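I opened this entry to look up how the parts of the protein meet. The record's annotation comes after that.

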Amino acid sequence: MSFSSPLFLWFFMPATLLAYWVLPRHWRNGLVAVVSLVFYTWGAGPYVVLLLSAIAVNYGAGLAVGSAWARERPRARRGLLVAAVGWDLAILAVWKYGGFASRQADALSSALGLGHTPIVEIALPIGISFFTFHHLSYVVDVYRGSRPAQRSPVGFVTYIAMFPQLVAGPIVRYHEISEQLTETRRDRFGDFAAGFPRFALGLVKKVVVADTIAPVADAAFAQAGGQITTPTAWLAALSYTVQIYFDFSGYSDMAIGLGTMLGFRLPENFNRPYSAYSVTDFWRRWHMSLSRWFRDYVYIPLGGNRGGTLATYRNLLVIFVLCGFWHGADWTFLVWGLYHGALLVVERLLGWDRPPGTALATLARRAVTFLLVVVGWVFFRAESMTEAGEVLRAMFVWTPGELDEFAAFALTHQRALTLALALTVVLLPASLTLGPLIESGRGGAVRVVRAAMTWVAAPYAGVLVAAGTFSPFLYYQF
């Protein structure tokens, strides 16, 4: 069930908010837990059993790791942590990477002349990467003692399965929300007044921009199997650059807005990433909850930047290999991760990870960074390394010809105007982040924007949804 579907917008969300308003305030967690499991079952069907089994194991593991008995037995306590982490990673490995591993084994066996091996085809449960990282965050936070174990099973289900962030984030680390799970004071109408305009902003990003540009990106990338021209290749790369930002940041705005309407404050996930002055800065602004997760639970435990220069570079590359494979089980994602990791290493070597000293240098660095990010998105979007290579070759080695006829057909006047206007986001001040400003900003201008989102933009997006111009969020596949 997509946030931008008629079923969600006109039935599920209003019914959930109505129940939240009329039920006693201490019933909130129970309500969110129940509707979240219904939400997941609607989209994932029998895979809800996998989610519930993971919830049960990690709930028990948290209680065991946080118990007085375990604290008196450090080795046993560490063993419990390793077992819980191993369980979570095994779920992710089997369901997300089992098919990929079997295909690589078959290819290797065939190359060695040993014949074919069985290929496992497993459907990917939606949101598995996100709820696995939530479980890992929980057991590690309890083990570190940064937060006590969650004793309420309802509270734990609420944290893991909370439908605003269940299938595509933001990734909420347990210590960021544990106190909110026990907070009972509510300002229902204040929360709605703050959260709905934020939700509307995300809906507009998704429906008005991302879904409008998606056919252009699809049509342009579809030409990579033949002789793709340079104009078509650049159209493919730029349109996907716009699509993925407005799609994913739109989802995050909707999730944060929904959380606010239900009395939760979810972490920010985007901060004008295409205004970054370096790739290092880009990763401080793009999918920030994922960057923070890898920093706190992988990079720092590996030693961070405390082990010397070579160790720091190694740790950065490890993080981005994992980041790439976290997004998908394919070589294109591995190369995308290595590409960004290598860029971060180069920036550290050259000192480009630090802010530039002048306005002109900032402008130049922002342009270079944007170009590097666009190149990276080609790997991320391509169906194969061959397709990525064809698009990149056409981008940087002139391949004459006009736009492919299918891409030209997809690029209507409306879509061309939307693409051009959306690309101006690159030119806006890096400090102007509209989502948080709409939700908690002050002043007359902010009130005007809130009103416009609520009474103009949201109804217009609703009309587009009614016309059937919506599609699943891109990050549902991860």
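Entry 1, domains. I am working with a predicted model. I looked up the division of the protein and found domain 1 at 6-185. Domain 2 is made of two stretches, 190-277 and 355-476. I then took the C-alpha centres of domain 1 and domain 2, which lie 28 Å apart. To the contact, domain 1 brings 31 residues and domain 2 brings 25 residues.

Entry 2, the contact. How much area is buried between domain 1 and domain 2? I noted about 2200 Å², with 77% of that area given by carbon and sulfur atoms. I looked for salt bridges between domain 1 and domain 2, and the count is 0. For polar contact between the two domains, I have 4 residue pairs, both residues at pLDDT 80 or more.

I listed the elements that give two or more residues to the side touching domain 2: helix H1 (6-22), helix H2 (28-44) and helix H8 (174-177). H1 gives the most, with 9 residues. By type, I sorted the residues of this side of domain 1 into 22 nonpolar, 7 polar and 2 charged.

In an unreviewed entry, UniProt places "transmembrane region" at several spans, including 7-24 and 316-339. I checked residues 7-24 in the model: 89% helix and 0% strand, with end C-alpha atoms 26 Å apart. I did likewise for residues 316-339, where the chain is 88% helix and 0% strand. The end C-alpha atoms of 316-339 are 11 Å apart.

Key:
Residues are numbered from 1 along each chain as its sequence is written. This is a predicted model: local features need pLDDT of at least 70, side-chain atom pairs count only at pLDDT 80 or more; totals for chains, interfaces and linings use all residues. Side-chain values use heavy atoms; hydrogens and water are left out. Domain bounds come from an automatic or database domain assignment. Contact means heavy atoms within 4.5 Å. Buried area is the accessible area (1.4 Å probe) that two parts lose on being put together, summed over both. A salt bridge is a side-chain nitrogen of Lys or Arg within 4 Å of a carboxyl oxygen of Asp or Glu. A polar contact is a pair of N or O atoms within 3.5 Å; within protein, one must be able to donate a hydrogen and the other to accept it, and residues adjacent in sequence count only if both atoms are side-chain atoms. Helices (H or I, at least four residues) and strands (E, at least two) are DSSP runs, numbered from the N terminus. Ala, Val, Leu, Ile, Met, Phe, Trp, Tyr, Cys and Pro count as nonpolar, Asp, Glu, Lys and Arg as charged, and the others, Gly among them, as polar. UniProt positions are given in the numbering used here, feature names are shortened, and annotations may be inferred rather than shown by experiment.
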